[in-house]
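Subject: Structure for you to look at

Hello,

Here is the structure I said I would pass on. Please open it first, then read my notes below it.

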Amino acid sequence: FKRNSMDDLRCFTPTETWHDKEAFLKSALAKLGAGVTAYTLSENGVLAFVAWISADSEKSHFGSVQQTVYYPEKTSNSYEGYVHPGFRGRQLFKHGVSYFVRQNFEHTDSQRLIAATEGGNIPALRGTYF
């Protein structure tokens, strides 16, 4: 696993009809420029895992339920975790989470790390991506 690796992010491969590599990379550059941290793993030229962590998050808005959650000081927020379909079932997400949790607390002054998934994401809730 790597931290803020543009080489890994450039290995993004669209696997869904709504995926767009150019839009992904543009968004990735904007996030990195805003201080958001990318945790990645690529294998054989394919981005297998990516998760984004925002240190010192103040709030998150969950559009699907129209709710905003406000965080205490020194809270990091994990969002947009993804495992490429060709790499699912190998516990990459589990290992990636373990890596970024350690890294987050080593590289920031965060005291807590919040993560959430959409309620309709049944595979993630069941752990089948892991």
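Strands β2 (residues 37–43) and β3 (residues 46–54) are antiparallel partners joined by seven bridges. Two strands count as paired if DSSP finds at least two bridges between them. Helices (H or I, at least four residues) and strands (E, at least two) are DSSP runs, numbered from the N terminus. In this pair, Thr37 sits opposite Ile53 of β3.

Before going further, note that this is a predicted model, in which local features need pLDDT of at least 70 and side-chain atom pairs count only at pLDDT 80 or more, while totals for chains, interfaces and linings use all residues. Residues are numbered from 1 along each chain as its sequence is written, and side-chain values use heavy atoms, with hydrogens and water left out.

The sheet

β3 also pairs with β6, again in the antiparallel sense, over five bridges. Here Trp52 stands opposite Tyr79 in β6. β6 and β7 run parallel and are joined by four bridges, with Ser76 opposite Leu113 in β7. Taken together, five strands form an open sheet of mixed pairing, in the order β1-β2-β3-β6-β7. The edges are β1 (2–3) and β7 (112–115); each has a single partner strand, so one side of each has no neighbour in the sheet.

The helices

α2 lies across β2, β3 and β6 (75–83), at about 35 degrees to β3. Helix α3 (residues 92–107) packs on the sheet as well, touching β1, β2, β3, β6 and β7, and its direction makes about 40 degrees with that of β3. Axes are lines fitted to C-alpha atoms, for helices over the stretch in contact, and angles run from 0 to 180 degrees between N-to-C directions. Contact means heavy atoms within 4.5 Å. β6, α3 and β7 form a right-handed β-α-β unit: with the strands pointing away from the viewer, the path from the first strand over the helix to the second runs clockwise.

Where is Arg10 found? Arg10 is in the loop between α1 (6–9) and α2 (21–33). Its relative accessible area is 46%, which makes Arg10 partly exposed (buried is under 20%, exposed over 50%, partly exposed in between, with a 1.4 Å probe and protein chains only). Leaving aside neighbours within four places in sequence, Arg10 is in contact with Lys21 and Leu25. Arg10 and Phe24 are 14 residues apart in sequence and 9.1 Å apart in space, C-alpha to C-alpha.

Regards
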